[in-house]
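Q: Could you take a close look at one part of this model for me? I would like to know how that part sits among its neighbours, and then hear about a few other spots.

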Amino acid sequence: EVPPRWAGPGRAGRQEMSPCGPGRYFCTAGRGLEPFLAQEVRARLGATEVDCVSGKVFFRAAAGPDELRKLRSGERLFLLLKKHSPLAVSGNKGKMLHEIKSLVIEEPKYWLDIISVWRNLHGHEGKKGDVARENPLALKRKSEEETHTSSKRQKMEQEREVVSEECQVEAGERCVVPEMISDQECLIESSTSSEDPGKDGGENHTANEQLSFSFRVSCRCSGAIAKILTSQEIGRAVGIALMKQCGWRADLRDPDLEIFVHLSDIHSVVGIPLFRLPLANREYIKTAGLRSTVAWAMASLAEIHAGAFVLDPMCGLGTILLEAAKEWPDACYWGADISDSQLEGADVNVRTAGLMDKIELLKASGKALPLPSESFDTVISDIPFGKKFKIMNDAHLLPDILLEMERVLRVGGTIVLLLSRDLRKRMDGLTTCAGSDSPEAIADGTSETATVKAPSVDGNPSSVANGVGESFLSSRQTRFASLVPDGVYGVSLGKTEAFIYKYRKISAARN
């Protein structure tokens, strides 16, 4: 399903748009979160020309860096320079590298204009900001003088094959050895001339300032092109070409500018990261738990309103509560957990975020909450699963936990849960019991809830499960007739597949 339209941030969220003209951007997103990000840029930034593809959302917005930095469902944000159709793949490596360089390389004035826009977005001042005001003619003369030296160094570099690499961590996935995958993002650094160009006065002084501007190329290739060329080969070729054309200095560790090149079967994209740290890195979270982007997406489905009471009965480190309280500050939040260490971590996070007056924490089991019935408007939780958490191996725990959620939830309220694939099957079995007296009907998948949907990139629902799977019934035939399914969304937690389930309570719970 496509997530319901988000009404926008709470009272403390949205600000006026920047007076500058709309810029073109793209933002990376974890798998399954693209529809959430697309809705967020429309609601938060008033974005237009929004286009979703796998792992990315392209858009145009008249927004300053402060507004752009508030995006919560995206990973990394880029200023979009080029977006073209996929490159034609051939067996001629030299020809393909030439086409790739032609895609990236432009006249020096083009790059100076791009740097100027980038600097304006960053609000940079001082010496490095002078780069945007360089004379492109002086830059071109200097690049021609450096051509011979650069060519010699290129040859030496190819002979030595000294390539410095770092893999970017995107959408929560671990960095892997480059030789083991083709879909990777490697940072390529090339050495540059050590000659001193500042001997002849003003013109060489200008060129020397330009050489002080450092860069690196981040190249990620996937699909057919990755079978012909590696990210290292592409990054090296683009980096050397930029050095020759612009006279820049390569710096892997602390560059002034990073140029991102992504070549795939879908498109060819060139961009510049707007911020050094990913948007998903939250400064207000001391100890990370659930991926912050997924936590925000869950909270966006919960229909939190001013004055609402929101509960996470298995809050862990409190990531969901933190994301919700930051975005919707006019609600009251409660978190419970049975683990002392998790509650201690959650308390540190709450204090770091300055949300002590918004979030209450208590030690309690999700199976027996010391809270009144029908006292919360929303229940939202990441049900523990995976190797780290063994408690959900017992199939009988999930019905008890769901019973408590149903009990404390008011009629008309919502439940939003994050489930593994195995827990999804168990949940389907439990909630399908409400519509059928026959366990066989559940096993056969004849219930209306047997087929669930997950959001696809183009916004059309795609089936992710056919048949409900096994039925987990307690000896008393537990039913959850008051809970009606209201959406299922497939998301990625790195290498783990997960599902966000939303339910609405339509009547009082049965005893």
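The part I have in mind is strand 4 (residues 77-84). How many of its eight residues are buried, and which strands pair with strand 4?

A: Happy to take you through it; do keep in mind that this is a predicted model. Of the eight residues in strand 4, six are buried, so the strand counts as mostly covered, where buried means under 20% relative accessible area. Strand 4 has a partner in strand 1 (residues 23-28), and the two run in the antiparallel sense over three bridges. Strand 4 also pairs with strand 9 (residues 268-273), again in the antiparallel sense, this time over six bridges.

In strand 4, Leu79 is the bridge partner of Tyr25, and in strand 9 the bridge partner of Leu79 is Ile272.

Nine of the twelve residues in helix 11 are buried, among them Leu397, Leu398, Ile401, Leu402 and Met405, along with Glu404 and Glu406.

The C-alpha atoms of Arg253 and Arg216 are separated by 8.6 Å, although the two residues are 37 residues apart along the chain.

Note on methods
Residues are numbered from 1 along each chain as its sequence is written. This is a predicted model: local features need pLDDT of at least 70, side-chain atom pairs count only at pLDDT 80 or more; totals for chains, interfaces and linings use all residues. Side-chain values use heavy atoms; hydrogens and water are left out. Buried means under 20% relative accessible area, exposed over 50%, partly exposed in between (1.4 Å probe, protein chains only). Helices (H or I, at least four residues) and strands (E, at least two) are DSSP runs, numbered from the N terminus. Two strands pair if DSSP finds at least two bridges between them.
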